[in-house]
Amino acid sequence: MRIEALERGFLVVSVILLVASLGALVYAVSARGAHLPGHVAQVDPALLAQTPPFDQPGVRQTGPDTYEAVVIARTWAFSPNEIHVPAGAEVTFLITSGDVIHGFFIEGTRINVMVIPGQVTRVTYRFTRAGEHLLICHEYCGIGHHTMGGKVVVQ
Amino acid sequence: MSAPTVMNPAGFEVVETDRRLLRWTIYIGYAALVAGVFHGLAQALAYAKVDILQFFPGLRGYYQGLTAHGVANVLTFTFAFANGFLPLMTARALGRQLVRGLLWASFASLLIGNVLTIFAVTTNRASVLFTSYAPLQAHWTYYLGLALVVVSTWLAFANMAITLRAWRRDHRGARIPLLAHVSVASYGMWTLASIPVAVLFLGILLPWSLGLVAKTDPLLDRTLFWFTGHPIVYAWLLPAYVSWYCLIPRQVGGKLISDSLARLTFILFLLLSIPTGIHHQFTDPGISEAVKRVHLIMTFGVVIPSFATAFSILAALEMGGRARGGTGILGWIRALPWGDPSVAAQLLAMITFVFGGMTGLINASYSMNQVVHNTTWLPGHFHMTVGSAVALTFMGVAYWLIPYLTGRGLWSRGLALASSWLYTIGLLIFSRGMISAGLAGMPRRIFRVAATYDSPAWDLGGKLTAIGGTLMFFAIMMFFVDIGMTIAAGRRGAHPVDVPFAETLHAPATSGWQVKLDRLGWWVVVAIALIVIAYGPFLLTYVPRMVSPGYRLF
């Protein structure tokens, strides 16, 4: 019957679409190096002041054009709240929380990660152009949530 | 040879006492829908920097209202409706009365759960948003209240399962009537899926909020939340699918083309809804990329039942449109009964859901998710799924269901039609605003009026959000007036006397693989196996770290 042939055809098309979409994602991950945060390290949020590298939040150079930015999120500011990096540098952010869950989102980039007490979030990004980006906590963290923002200055 | 999707097509009535319980269960849902949208309006306007919070007496902050909006609209509304609708469909399909004790228990659990939750939220003791992320800590009444809402859904499911079991004992070897099969499969999926959140609320957060346990592990809690938190979207959606599959074909004068494809679709949702939750945690630390990829693949599997649904529903609609005299490639669309408010609302729900589905695939995509995660893109997306496919369908169902349950005719057909169209137009403007602002980096869940950062790139999107959200608010108020007046003053006797159940083109097969689609218990075992594959590696290797005391920062 015609309707059954159409039904089968439609399902075949949906399987092809599914395979094609997954293929695109395999390509993104294997050939284009798309990564998500994974296992890094665990910390005790009560002991951050004694736990390297979070005992010294801030940006430091680790190679010719590589930097490490260590950031602590606490209600309702990041430490540091203003991050300066040179244009063209590859920056690895190491972020954790001193209290509740926060977000770490640098507007205009793909840096968009969660910050969870007890866990360390790592994300790497190369800033190519000079300019300013908003740094925003985008996970609800209490009554002052919308005041938790800073900036990233690319010089 | 076409076949009805119920046992006794000539007629069957649920006894009046039970109808009253089902009716009041559903009233709780619609009341929650209406109550929840007040702060929805405030949120939409806040994205255009218009602050109307001063007009909310007793409200102590934006996030208190945001919590109320989420809890009322996606938890109470959706589950109260399903608690009434799905058991009613099961009873009608099987031609069998429900278990009254369980109806009472489910209603009482829902009511008490809501009273506790409303107490906690309105007294600003639980401004933690519906996601309830620890270590933000709510009052114990909030966790217990929401757990009781979950328990009420289990009792509703138990009622359906017991009724089905009794029916099968009396009809050995017979195929389960389709309407009962899909209803039971829907809530069976949810019952299985809701166990992790029950463990989280009752086993972890409740003792923690009572001070019996000092600290908790935020990542584990979050993972348990999303373990249930993804399938929950299918628990909202599947009752709407029950209407689209088994009722709408009849309402438009068509038939469902394939009994087996319908059953297969619901079985696939039972299998694929749950082992996918970690795609909500793509940007979380502490969960390996390998686990995230397994969940990614399972998530994409949902494409199959979704496309099967698109095919089945469109075929039924086309058959109906052509039977009503529609011709040409698209002429059948015009010929559909757009003047029937129940049909119009659900057709509009289906149209907006196409966009909801497409944006959902983008969210689930591993790398694209990083662009949109926690921006207003997300509320833009889910208002086109739960906020339209589900909400608008449940409203459309109300236009026959409330008259059917009360014995009173719909108060105003015109108001109902106007409400559905206004809601859809508002929704499309709202979502366009949220999606574009989200792509420009506007974060969700912020009180933009008072934010210490801002961007001019968010202005247009914010304004569209406000305009669309305002239209949606007024549409819900129109729905409220129409349903309220129907209950209070609808014309007695002008109501539908039966559930508008559809027929399928062919009778269900009595041999072959299709018969196995009725072995629901067996499919639950397969679903559990998939869950073990998806969550086993993480849960077995993760060592909980109890590092977080409770914070009450609201």
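1. The domain assignment of chain A, whose bounds come from an automatic or database domain assignment, gives domain 1 (1-34) and domain 2 (45-154). The C-alpha centres of domain 1 of chain A and domain 2 of chain A lie 38 Å apart.

2. This is a predicted model, in which local features need pLDDT of at least 70 and side-chain atom pairs count only at pLDDT 80 or more, while totals for chains, interfaces and linings use all residues. Residues are numbered from 1 along each chain as its sequence is written, and chains are lettered from A and ligands numbered from 1 in the order in which they are written.

3. The contact between the chains takes 52 residues from chain A and 53 residues from chain B, where two residues are in contact if their C-beta atoms, placed from the backbone, lie within 7 Å. On the side of chain B that touches chain A, α12(B) gives the most, with 6 residues; helices here are DSSP runs (H or I, at least four residues), numbered from the N terminus.

4. Within chain B, helix α1 (residues 16-46) and helix α3 (residues 100-122) pack at an angle of about 20°, with their axes 10 Å apart; axes are lines fitted to C-alpha atoms over the stretch in contact, and angles run from 0 to 180 degrees between N-to-C directions. That makes α1(B) roughly parallel to α3(B), a term for angles under 35 degrees.

5. Among the residues of α1(B) that meet α3(B) are B:Leu21, B:Trp24 and B:Ile28, and the residues on the α3(B) side include B:Trp104 and B:Phe107.

Terms used:
Helices (H or I, at least four residues) and strands (E, at least two) are DSSP runs, numbered from the N terminus. Angles under 35 degrees count as roughly parallel, over 145 as roughly antiparallel, 65 to 115 as roughly perpendicular and the rest as oblique.
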